[in-house]
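Q: Please take me through a few features of a protein model and show me how to read them.

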Amino acid sequence: MISKAGLGSRTEARRWIHAGRATVNGRRIENPDHWVDLERDQVRFDGKPLKAVARVYVLLHKPTGYLTTYKDPDGRPTVYALLKDVGTFVSPVGRLDLETSGLLLLTNDTQLAERVTNPESHVPKTYLVTASRALADGELEQLRRGVELNDGLTRPAQVARAAGAENQVLLTITEGRNRQVRRMIEALGATVEALARTRIGSIAAESLPVGAWRHLSASEVDSLRMKPRKKGSTT
């Protein structure tokens, strides 16, 4: 509840509760897993009533070399070093690995985050893939049909050759398995030399510089909440 109110990450919230900073109905609670009835219980943090903060939706153009985590025990830079003046804690919606750049959504709206990351929502994510070699037409067709990975067959992807180098393709998927795009390319006998996420749903990088962030517009947030149209639908 403390994390969802936008005060900090779940890890931080657990530490604060262990430190005795939260009370429920006037009684100090040091068990982070204590059950709370949102309609009946009065929860306070540092003596003040716990209130949900305004929903915030941030789009970051992540550079390579940054971890999608709050803190790193090895001291490597994280995406939070790039988020200045957001005003509240926001959590990453999905992850981009250390060597992947591109669009990363962060928010304190847990329901929207669940929708975007849930494979059943079919929210598409598009990546610009620079492979170690040019992929043959037959290999692109394999990606469109689905590729067998060690955790199962992937969903059919949308694939198109990019306008840049001959070894670049635009790959759109509706899943979010760990390192999925890299593993799909590796399943074809190639490797990924560079990877950038260029689009989340209908939201594109456009003029957002690498390392910069901006708030999503209301229409962009609404677009992420919309259910995808079924094929053949006219409404």
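Q: Which elements do the buried residues of α3 pack against?
A: First, the ground rules. This is a predicted model, in which local features need pLDDT of at least 70, side-chain atom pairs count only at pLDDT 80 or more, and totals for chains, interfaces and linings use all residues. Residues are numbered from 1 along each chain as its sequence is written, and side-chain values use heavy atoms, with hydrogens and water left out. Helices (H or I, at least four residues) and strands (E, at least two) are DSSP runs numbered from the N terminus. Buried means under 20% relative accessible area, exposed over 50%, and partly exposed in between, with a 1.4 Å probe and protein chains only. Contact means heavy atoms within 4.5 Å. The buried residues of α3 pack against β11 (158-161), β12 (168-173) and α4 (180-186).

Q: Which residues of helix α3 are buried, and which exposed residues does the face turned away carry?
A: In α3 (residues 137-145), Glu139, Leu140 and Leu143 are buried. They lie on the same side of α3, because their arc around the axis is only 105 degrees; the arc is taken from the directions from the helix axis to the C-beta atoms. Asp137 and Arg145 are the exposed residues on the face turned away from the buried side. Just after α3, Gly146 has a positive phi of about 120 degrees.

Q: Which residues touch the most other members of the largest nonpolar core?
A: In soluble globular proteins, nonpolar side chains tend to be buried together. A nonpolar core is a set of buried Ala, Val, Leu, Ile, Met, Phe, Trp, Tyr and Cys residues joined through side-chain atoms within 4.5 Å. The largest one here has 33 residues, and those touching the most other members are Leu83, Leu106, Val129, Leu135, Leu143, Leu171 and Ile185. At least two residues of this core come from each of β5, β7 (100-107), β8 (125-131), α3, β12, α4 and β13 (192-200). A second, separate core has 16 residues, including Tyr57 and Leu103.

Q: How many aromatic pairs are there?
A: A pair of aromatic rings is described by the distance of the centres and the angle of the planes. Rings of Phe, Tyr and Trp (its six-membered ring) pair if their centres lie within 6.5 Å; planes under 30 degrees apart count as stacked, over 60 as edge-to-face and the rest as tilted. By this rule there are 4 aromatic pairs. Tyr70 and Tyr80 are edge-to-face, because their ring centres are 4.9 Å apart and their planes are at 80 degrees. Both Tyr70 and Tyr80 are in the loop between β5 (57-62) and β6 (91-92), 10 residues apart. Tyr70 is partly exposed at 32%, while Tyr80 is buried at 16%. Tyr70 and Phe89 are also edge-to-face, with centres 5.5 Å apart and planes at 75 degrees. Tyr70, Tyr80 and Phe89 form one aromatic cluster.

Q: What is the distance between the closest N and O atoms of Asp97 and Arg182?
A: A salt bridge is a side-chain nitrogen of Lys or Arg within 4 Å of a carboxyl oxygen of Asp or Glu, and by this rule the count is 14. For Asp97 and Arg182, the distance is 3.0 Å. The pair links distant parts of the chain, 85 residues apart, with Asp97 in the loop between β6 and β7 and Arg182 in helix α4. Asp97 is partly exposed at 28%, and Arg182 is buried at 9%. Glu139 forms a salt bridge with Arg133 (2.7 Å, N to O).
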